[in-house]
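Please keep the sequence and the model in view while reading.

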Amino acid sequence: SKDRAVVTRKVREMEKNRSTGAIAQVGQKWTVASWLRHWLDVIAAPNLRSSSAAAYRTAIEKHLIPGLGKQKLDRLQPEHLERLYRKMIDNGAKPATAHQVHRTMRTAMGEAVRRGHVARNVAQLAKPPRIQPEPVEPLTLEEVQQLLAVAEKEPNGARWAIALALGLRQGEALGLRWSDIDFDRGLLYVSGSRPRPVYEHGCNRSGKPVCGKTPGRCPDRHQVNADRGPTKSIAGRRAVGLPNQLAQVLKGHREQQEADRLHAANLWQAGDWVFCGPTGKPINPNTDYHRGKALVEKAGVRDVRLHDARHTAATVLLVLGVPARTVM
């Protein structure tokens with residue numbers, strides 16, 4: 001600056017930051033876009049579950065980069081983030097979506113602070129939108145009976161009885177393999193989870209023109225993540241008691257699956273999945289979601305998320321005739 005007072009003030013600020021260890025290191029000048037992509041692809045993704053990495057990528061590519069991508073990382077202010085959150089909500093996004101974007105930025109900025117690229121985590125100072133969690137309303141006894149009566153007649157109907165009765169999450173139920181079930185000891189082991197498939201374009205590898213669609217709709221798409229991954233947490237790996245009534249349901253389901261295997265002949269893809277498609281392939285979580293919505297509608301019960309209905313596990317066990325002491 002040509003103003004001595006301004007220079008003096010800047011030097012004193014730098015000395016103060018040096019004393020507190022809050023001064024950013026000299027080096028590459030990151031933008032919000034370049035840092036977020038570097039952080040996700042190089043630092044975070046190798047240590048994340050595919051579903052978590054996909055959630056981060058959506059927040060980054062759909063919201064953060066379009067809104068703040070050109071901003072210099074070391075000049076980012078809390079107000080920039082707060083304006084972005086407000087704009088998202090004004091454009092129809094739910095507060096929970098803006099909150100996910102906030103958590104993504106807070107995590108990425110925390111890593112930038114640890115590496116000395118910025119002096120502070122502005123996302124910790126920004127006020128995220130307030131979200132009101134929707135209360136979980138357990139299914140009534142009559143609703144459980146209606147659901148199970150309809151599910152019994154559907155393909156993979158045992159999936160709903162097992163998941164609702166044992167409180168399994170969607171991924172845990174779809175990730176079950178027959179090797180996880182010990183009928184002799186009456187135990188079901190939750191050892192993995194079925195993630196949402198993540199796809200990449202294949203059209204650019206085959207020499208064809210790029211289709212212009214999203215990777216999931218590409219005609220030559222290929223899946224880049226495994227069909228089965230770890231549970232949501234370490235505590236998710238657990239053994240669950242399998243009452244005899246549920247064991248009989250699973251045994252009947254296994255007999256039907258064996259008939260399906262014989263009918264599919266050489267089209268059958270052996271994967272040891274407890275719940276699978278007509279050719280043995282694992283069920284896509286998105287397909288399972290829509291089947292669950294259709295089941296609720298067909299059963300004539302109120303519109304509920306079957307993921308929340310897992311909190312009704314004790315009621316389901318009682319409907320199936322499991323003794324109260326066993327349920328407890």
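A salt bridge is a side-chain nitrogen of Lys or Arg within 4 Å of a carboxyl oxygen of Asp or Glu. The structure contains 16 salt bridges. This is a predicted model, in which local features need pLDDT of at least 70 and side-chain atom pairs count only at pLDDT 80 or more, while totals for chains, interfaces and linings use all residues. Residues are numbered from 1 along each chain as its sequence is written, and side-chain values use heavy atoms, with hydrogens and water left out.

Arg159 belongs to helix H8 (residues 158-166) and Asp288 to helix H11 (residues 285-299), so the pair ties together parts that are 129 residues apart in sequence. Helices here are DSSP runs (H or I, at least four residues), numbered from the N terminus. Both Arg159 and Asp288 are buried, where buried means under 20% relative accessible area, exposed over 50%, and partly exposed in between (1.4 Å probe, protein chains only).

Helix H11 also holds Lys293, which forms a salt bridge with Asp303 (2.7 Å, N to O). Asp303 lies in the loop between H11 and helix H12 (313-319), so this pair joins parts ten residues apart in sequence. Asp303 is exposed, at 65% relative accessible area, and Lys293 is partly exposed, at 27%.

Another bridge joins Glu172 to Arg169 (2.9 Å, N to O). Glu172 is buried at 2% relative accessibility, whereas Arg169 is partly exposed at 26%. Glu111, Arg114 and Arg115 are linked in a network of salt bridges.

Terms used:
Helices (H or I, at least four residues) and strands (E, at least two) are DSSP runs, numbered from the N terminus.
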